[in-house]
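Student: Could you walk me through this protein? I'd like to take it slowly, one topic at a time.

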Amino acid sequence: MKVEDIKTYIESGILELYVLGEVTQEERVQVEAMALKHPAIKAELDEIERSLEAYAEENAVEPSAGQRDRILNSLLTNFSDDNNFPSRDAKVEDNIIIPIQRAKSNSFYQYAFAACLALLIVSIAALISVYSRLQQSNTLLASLQTQNQHFTNRVNLMDRELNVFRDPSFKLLKLQGTKNSPTSALTVAWSPVKKKVMIDMANTNMPINDKDHQYQLWALVGGKPVDLGVFDADTTSKDMKEMKSIASADAFAVTLEPRGGSASPTMDEMMVLGKF
C-alpha cells in the first residue's frame, strides 16, 4: 500500500470508530490486519486510544471528599442520638417511664446499616460519574461520526471529479473573458457521448453576482443558443456543478441574466465565451 493510501485510510475515521467499538466484525478484522501490516496505522491506533483515555480522565467527575465525610458524620450522629430516647420496650413503674437497656447487638446493626447506607451513597456517586463519562463518550462519538460522514462525502465528491477528468469522452473547454469582463474565466467539461455538461466551480473566476441576477450557461448549436441552466459565482464551492444535458454544441458562453434565467441570452451581458 502506498503512503498516500495509508494516509487516506487513517483520515477516513475508521480507526476512531474501531476504538469506540462502532465497527462491524468485518471492519474490525480489517483494521487489525492493517495495524499488523503497517506500523503507521498501528501507531495512529495507539495514539487514538491514549487520546480517548486522557479525555475521559480529564473530564471525570468524582464525588467531593468533604461532602462524603459530611454525609457519613450526619448519619452516625443521628444513629447515636437514637440511643437517648426510650425504647418501645420501656416499662412503667409509679407513672415513671424507666427505659430498658437495649442489647449491645443493636449498636452493631446500627453501625452496619450506616456503613451499608454510606456504601450506597458512594455507589450512586460512582454511577453518576460513569453516566457523565458515558455522555461525554457519546458526544465524542457523535462528533467523530459527523467528521467521518463529512470526510466520506468529500471523498465521493473527489472521486466524481476524478472520473470526469479520467473519462476520455469528456472534453475540457476554457471559456475566456469578453470585453465586459476581460479577467473572467470558466472551465466547462462536456461529454457528447453521455450528453453531460459540468462546470468546474473550483477554478471559476467570475465576478460575484448580486441577489437579483444569476449567470446563465448557453450552448451554441448551429448558431442558435440553447439554455443549459443558471448558477451563482460561489467562491466557497469547490465541486463540479452539473448543468443541463446536450449532445451537440459548437461553443459555450455565459451571460448575466435576471435571477432564474432568460429565454434568450442578453448579448450585451456576455461574460465569457469558448469555441471548439
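Tutor: We can start with the whole protein and then turn to its parts.

Tutor: This is a predicted model, in which local features need pLDDT of at least 70 and side-chain atom pairs count only at pLDDT 80 or more, while totals for chains, interfaces and linings use all residues. Residues are numbered from 1 along each chain as its sequence is written, and side-chain values use heavy atoms, with hydrogens and water left out.

Student: OK, how many helices and strands does the protein have?

Tutor: There are six helices and 10 strands in the protein. Both are DSSP runs numbered from the N terminus, with at least four residues (H or I) for a helix and at least two (E) for a strand.

Student: And what share of the residues is buried?

Tutor: Buried residues account for 30% of the 276 residues. Here buried means under 20% relative accessible area, exposed means over 50%, and partly exposed is in between, using a 1.4 Å probe and protein chains only.

Student: Which residues of the largest nonpolar core touch the most other members?

Tutor: That core has 22 residues, and the ones touching the most other members are L175, L186, V197, L217, F231, F252 and V254. A nonpolar core is a set of buried Ala, Val, Leu, Ile, Met, Phe, Trp, Tyr and Cys residues joined through side-chain atoms within 4.5 Å.

Student: Which strands supply at least two residues of this core each?

Tutor: They are β3 (171–177), β4 (185–191), β5 (196–200), β6 (213–221), β7 (224–231), β9 (251–258) and β10 (270–275). There is also a second, separate core of 16 residues, and I6, Y9, I10 and L17 are among its members. As a general point, nonpolar side chains tend to be buried together in soluble globular proteins.

Student: Back to F231, what does F231 touch?

Tutor: Not counting residues up to four places away in sequence, F231 touches L186, I199, M201, Q214, Y215, L217, K241, M243 and V254. Touching is a matter of contact, which means heavy atoms within 4.5 Å.

Student: New topic: is W218 buried or exposed?

Tutor: W218, which sits in strand β6, has a relative accessible area of 2%, so W218 counts as buried. The side chain of W218 reaches the backbone oxygen of Q216 at 3.5 Å. W218 also lies 9.2 Å from S264 in space, C-alpha to C-alpha, although the two are 46 residues apart in sequence.

Student: And where is S181 found?

Tutor: S181 is in the loop between β3 and β4, and with a relative accessible area of 6% S181 is buried. Leaving aside neighbours within four places in sequence, S181 is in contact with P207 and M271.

Student: What about the surface, which residues make a nonpolar patch?

Tutor: L120, I124 and I128 make a nonpolar surface patch of about 280 Å². Patches are made of residues with over 30% relative accessible area and no salt bridge, with like charges joined within 9 Å and nonpolar side chains (Val, Leu, Ile, Met, Phe, Trp, Tyr) within 5 Å. Among these residues, I124 is found in helix α6 (residues 105–166) and is partly exposed at 44% relative accessible area.

Student: How many salt bridges does the structure hold?

Tutor: The structure holds five salt bridges, each being a side-chain nitrogen of Lys or Arg within 4 Å of a carboxyl oxygen of Asp or Glu. One of them joins the side chains of K42 and D46 at 2.9 Å, N to O, and both residues lie in helix α4 (residues 39–58), four residues apart, about one turn of the helix. Another pairs R50 with E47, with the closest N and O atoms 2.9 Å apart, and these two residues also lie in helix α4, three residues apart.

Student: What does the pair of D232 and R259 tie together?

Tutor: D232 forms a salt bridge with R259, the closest N and O atoms being 3.1 Å apart. D232 lies in the loop between β7 and β8 (240–242) and R259 in the loop between β9 and β10, so the pair ties together parts that are 27 residues apart in sequence. D232 is partly exposed at 30% relative accessible area, and R259 counts as partly exposed at 42%.

Conventions: A polar contact is a pair of N or O atoms within 3.5 Å; within protein, one must be able to donate a hydrogen and the other to accept it, and residues adjacent in sequence count only if both atoms are side-chain atoms. Accessible areas come from the Shrake-Rupley method with a 1.4 Å probe; for residues, only the protein chains shown count as cover.
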